[in-house]
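User: Hey, I'm new to this one. Can you walk me through it?

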Amino acid sequence: MKKVLIPTKLNPVAKELLEANGNYTVVQDDSAGLDVLAAQNPDTYALFVRSEKVTAEIIDALSSLKVVIRAGAGYNTIDIKHARSKGVDVMNTPGANANAVAEEVIALMLADARHIVPGDASTRAGKWEKKKFMGKEVTGKTIGIVGLGAIGRLVAKRLRGFDVTVLAFDPVLSEEAADRLNVKLVPLAELFEQSDYVSLHIPENEHTRGLINKDLFSVMKDGATLVNCARSGVINEDDLRAIKAEKGLRFLNDVYPKDAEGDKTVTDIADIMLPHLGASTAEANYNAARRSAEQLIDFDSKGVTSYIVNRDIPEGLDEAYADLAFTITKLTRAMIGEETKLNKIETSFYGELRKFGNWLSVPVVCALSEEFDRSMDEKAAISYLEEMGIDYATRETDEAKGYGSAITVDLMASVDGDNLRRISVRGTVAEGHLMISRIGHFDGLYFEPKGHLALFTYSDRPGVLSQIAGAMAEAGLNIDDVRNPHDKTGERSIAILKTNEPASAETMKQVAAKIDALSCCTVSF
Ligand SMILES: NC(=O)c1ccc[n+]([C@@H]2O[C@H](COP(=O)([O-])OP(=O)(O)OC[C@H]3O[C@@H](n4cnc5c(N)ncnc54)[C@H](O)[C@@H]3O)[C@@H](O)[C@H]2O)c1
Ligand SMILES: O=C(O)CC[C@@H](O)C(=O)O
């Protein structure tokens with residue numbers, strides 16, 4: 001039995017699910033304190049926390065620890081590097097509490113705009129201060145959202161009813177995604193300049209610490225409002241203190257350097273302050289508890305590692321390239337056939353990626369087998385392939401080709417005796433987005449491997465694409481995007497369709513028969 005320690009106020013559903021699974025014993029206690037409980041339970045296998053600090057000392061005290069799950073979004077309270085050095089995977093439960101925070105942001109905005117907190121106190125005291133509490137309306141205002149992830153998107157969505165204009169800053173968001181979300185992407189300074197309300201929804205890390213500083217406060221509109229339900233460290237509080245009165249800024253705050261009783265660093269500048277209540281709704285607590293238990297069970301029983309936030313990325317390697325290696329391999333695997341026995345894998349890592357080639361074999365292997373743990377090292381990846389009878393080679397690259405930082409994965413399999421089948425896919429990262437640039441002889445594709453894809457190759461001739469589209473429509477599928485080039489010889493074409501739902505095996509079979517396809521497959525990302 002694996003011991004799970006829950007030293008926090010978390011909905012009992014986590015304990016119930018784990019115990020019902022039969023492989024776990026659970027110790028849940030939100031009164032004793034993590035350090036005491038860690039000393040009492042050194043055989044803990046998994047630790048579920050909320051805002052409790054998981055320090056190097058706590059990790060060291062739990063010698064059997066393998067997993068820490070942050071039942072929430074922000075994991076700046078966990079020493080993830082130390083955890084990695086001890087082979088401990090750290091996960092969070094992204095999105096589980098997003099709606100609770102979005103509603104808190106709107107509650108703060110309205111409460112401040114209509115003086116709800118002082119108005120209540122004054123009326124209770126027998127006063128009648130109608131003039132003093134003249135308010136303003138949120139309707140029709142410009143809202144700037146910094147960080148358009150799970151929470152930022154919901155803030156935008158929930159505020160729609162107020163007919164607001166939403167500006168957003170998020171380096172990872174594409175223009176297309178922004179259009180879909182009905183927000184306008186603008187540079188950070190412009191967002192601060194134009195917004196009546198700025199709401200922060202970014203993680204605290206080495207890139208965001210102190211990001212919101214005097215340069216931005218100084219361009220804010222007079223009387224504008226800043227809402228911080230993210231983390232205290234993203235704001236330079238002294239810079240805000242220096243300019244707040246002069247510009248009449250409002251500051252609504254939920255987060256502090258320390259989640260505890262006592263003096264707060266922002267008491268003098270916050271117009272409303274709450275004790276980190278963003279995630280404190282029954283619904284969010286239930287969601288985060290359930291997700292924590294499910295993620296641990298999936299991790300242990302199916303090797304699902306998608307929520308790990310402390311994968312060991314080498315210094316200097318952008319994590320997006322690990323995802324790229326994974327994604328290209330997954331696509332290549334789908335094209336050669338999920339059940340086809342592989343003989344060989346060849347990879348090429350171009351440009352800056354050459355020096356990370358060995359390490360990038362890990363996400364390649366992860367894409368081929370759910371059983372392989374992403375936190376394992378490259379030696380484990382290669383021996384895993386050896387055990388499966390698959391050769392692995394990394395080719396020397398010809399940098400004269402000018403691919404920049406790109407990855408090619410070739411998968412090879414023997415089919416019909418001695419015939420070798422090879423599928424080769426190349427991709428890169430452009431403006432933060434994964435891009436597939438080549439599949440076999442189909443070059444210059446540049447499509448984003450996202451959502452549900454259906455791919456067909458066929459002898460080039462007019463009218464095939466409309467046949468595919470017609471058959472997809474008959475199957476009730478909506479096509480969101482299409483690429484349909486032919487290869488260098490002009491003899492073969494590829495149709496890559498992004499559909500709203502995965503195309504079923506039956507639909508793929510029917511379409512393939514209709515167009516006399518040379519190959520077809522589906523893959524979802
Ligand atoms: N007050 C609370 O109780 C509470 C509850 C949940 C989360 N949070 C905080 O809110 C943060 C966001 O939560 P989420 O669930 O939306 O996370 P998320 O990961 O879904 O979204 C974070 C977004 O921030 C963007 N981002 C990262 N760095 C950025 C930068 N420098 N500039 C602009 N955008 C940047 C990311 O691209 C991502 O889209 C968490 O990290 C956590 O610290 C607070
Ligand atoms: O668990 C909480 O109460 C706060 C959680 C929140 O800050 C988060 O990052 O998810």
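User: How do α5 and α7 sit relative to each other, and at what angle do they pack?

Analyst: This is a predicted model, and in it helix α5 (residues 98–113) and helix α7 (residues 150–159) pack at an angle of about 50°. Their axes are 8 Å apart. Angles under 35 degrees count as roughly parallel and 65 to 115 as roughly perpendicular, so α5 and α7 are oblique to each other.

User: Is that crossing left-handed or right-handed?

Analyst: The crossing of α5 and α7 is right-handed.

User: Which residues make the contact?

Analyst: On the α5 side you've got Ala98, Asn99, Val101, Ala102, Glu103, Val105 and Ile106. From α7 come Ala150, Ile151, Leu154, Val155, Arg158 and Leu159. Sorted by class, this contact has 10 nonpolar, one polar and two charged residues.

User: OK, switching to ligand 1. Which residues come nearest?

Analyst: There are 34 residues around ligand 1, and Gly74, Gly147, Gly149, Pro203 and Gly278 come nearest. The elements giving two or more residues to that shell are α5 and α7.

User: Which element gives the most to the shell?

Analyst: That's α7, with three residues.

User: And what's the shell like by class?

Analyst: Around ligand 1 there are 18 nonpolar, 12 polar and four charged residues.

User: Zooming out, how many helices and strands does the protein have?

Analyst: It has 17 helices and 21 strands. Of the 525 residues, 39% are buried.

User: What about contacts along the sequence?

Analyst: Taking contacts between residues at least 6 apart in sequence, 64% join residues at least 24 apart.

Note on methods: Residues are numbered from 1 along each chain as its sequence is written. Chains are lettered from A and ligands numbered from 1 in the order in which they are written. This is a predicted model: local features need pLDDT of at least 70, side-chain atom pairs count only at pLDDT 80 or more; totals for chains, interfaces and linings use all residues. Axes are lines fitted to C-alpha atoms, for helices over the stretch in contact, and angles run from 0 to 180 degrees between N-to-C directions. Helices (H or I, at least four residues) and strands (E, at least two) are DSSP runs, numbered from the N terminus. Angles under 35 degrees count as roughly parallel, over 145 as roughly antiparallel, 65 to 115 as roughly perpendicular and the rest as oblique. A crossing is left-handed if the near helix is turned anticlockwise from the far one by less than a right angle, and right-handed if clockwise. Two residues are in contact if their C-beta atoms, placed from the backbone, lie within 7 Å. Ala, Val, Leu, Ile, Met, Phe, Trp, Tyr, Cys and Pro count as nonpolar, Asp, Glu, Lys and Arg as charged, and the others, Gly among them, as polar. A residue is buried if 20 or more other C-beta atoms lie within 10 Å of its own, exposed if 12 or fewer, and partly exposed in between; C-beta atoms are placed from the backbone. A residue is near a molecule or strand if its C-beta atom, placed from the backbone, lies within 6 Å of it.
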